[in-house]
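Welcome, and thanks for taking a look at this one. Please have the sequence and the 3D view open as you read.

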Amino acid sequence: MALATFGVVVLDCPDPRALAGFYAAVLGGTVEADPEDSAWVDLKVPAGPALAFQRAPGHRPPTWPAPDGSQQFHLDLTVADLDAAEKGVLELGARPLDTQDRARTFRVYADPAGHPFCLCAC
């Protein structure tokens with residue numbers, strides 16, 4: 001049984017609106033942004049999953065190919081029950097990264113290879 005459904009691919013970047021505009025030009029779709037929040041922009045893609053762009057202070061772009069480093073991204077995985085999904089991912093080998101605030105609608109983990117992902121009850 002699956003623990004989650006695919007939510008959105010989130011790309012960290014210095015300028016979310018600019019990067020969303022680039023991908024909208026490449027993929028088509030609609031850029032959706034809260035005028036009051038410049039730190040997060042969504043791109044609704046006509047064919048495929050949505051993309052989101054999140055401001056990351058001090059962002060360092062990945063180097064490709066990089067034998068001594070890896071690419072940067074994280075996945076948001078939508079779940080119905082954060083506690084049950086957390087138990088499941090931990091049993092599968094995930095490591096908690098930012099899970100202390102139990103009032104939030106998301107928690108952050110690292111997969112067994114160290115890639116960050118969020119479980120989101122949003």
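Is Gln100 buried or exposed? Gln100 is exposed, with a relative accessible area of 60%; exposed means over 50%, buried under 20%, and partly exposed in between (1.4 Å probe, protein chains only). This is a predicted model, in which local features need pLDDT of at least 70 and side-chain atom pairs count only at pLDDT 80 or more, while totals for chains, interfaces and linings use all residues. Residues are numbered from 1 along each chain as its sequence is written, and side-chain values use heavy atoms, with hydrogens and water left out.

**Gln100 and its loop**

- Gln100 sits in the loop between strand E6 (95–98) and strand E7 (106–110); strands (E, at least two residues) and helices (H or I, at least four) are DSSP runs numbered from the N terminus.
- From Gln100 to Phe53 there are 47 residues in sequence and 24 Å in space, C-alpha to C-alpha.

**Helix H1**

- Twelve residues make up helix H1 (residues 16–27), which reaches 16 Å from its first C-alpha to its last. That is close to the expected 16 Å, where the expected span is 1.5 Å times one less than the number of residues.
- Pro16, Ala20 and Ala24 are the buried residues to look for in H1. They are on the same side of H1 because they cover an arc of only 70° around the axis, taken from the directions from the helix axis to the C-beta atoms.
- Turn to the other side of H1 and you will find Ala25 and Val26 exposed.
- The cover over the buried residues of H1 includes strands E1 (5–13), E2 (30–33), E3 (40–44) and E4 (51–55).
- Gly28 follows H1 and has a positive phi, near 80°.

**Arg107 in strand E7**

- Arg107 lies in strand E7 and counts as buried, at 3% relative accessibility.
- The side chains of Arg107 and Asp83 are joined by a polar contact of 3.0 Å (a pair of N or O atoms within 3.5 Å; within protein, one must be able to donate a hydrogen and the other to accept it, and residues adjacent in sequence count only if both atoms are side-chain atoms).
- Leaving aside neighbours within four places in sequence, Arg107 is in contact (heavy atoms within 4.5 Å) with residues including Glu86, Asp98, Phe117 and Cys118.

**Cysteines**

- The structure holds zero disulfides, a disulfide being a pair of cysteine sulfur atoms within 2.5 Å.
- The sulfur of Cys118 is 5.1 Å from its closest cysteine sulfur, in Cys120, which is too far for a bond.
- Cys122 is in no disulfide either, with the nearest cysteine sulfur, that of Cys120, 4.2 Å away.
- Cys118 is buried at 9% relative accessible area, whereas Cys122 is exposed at 70%.
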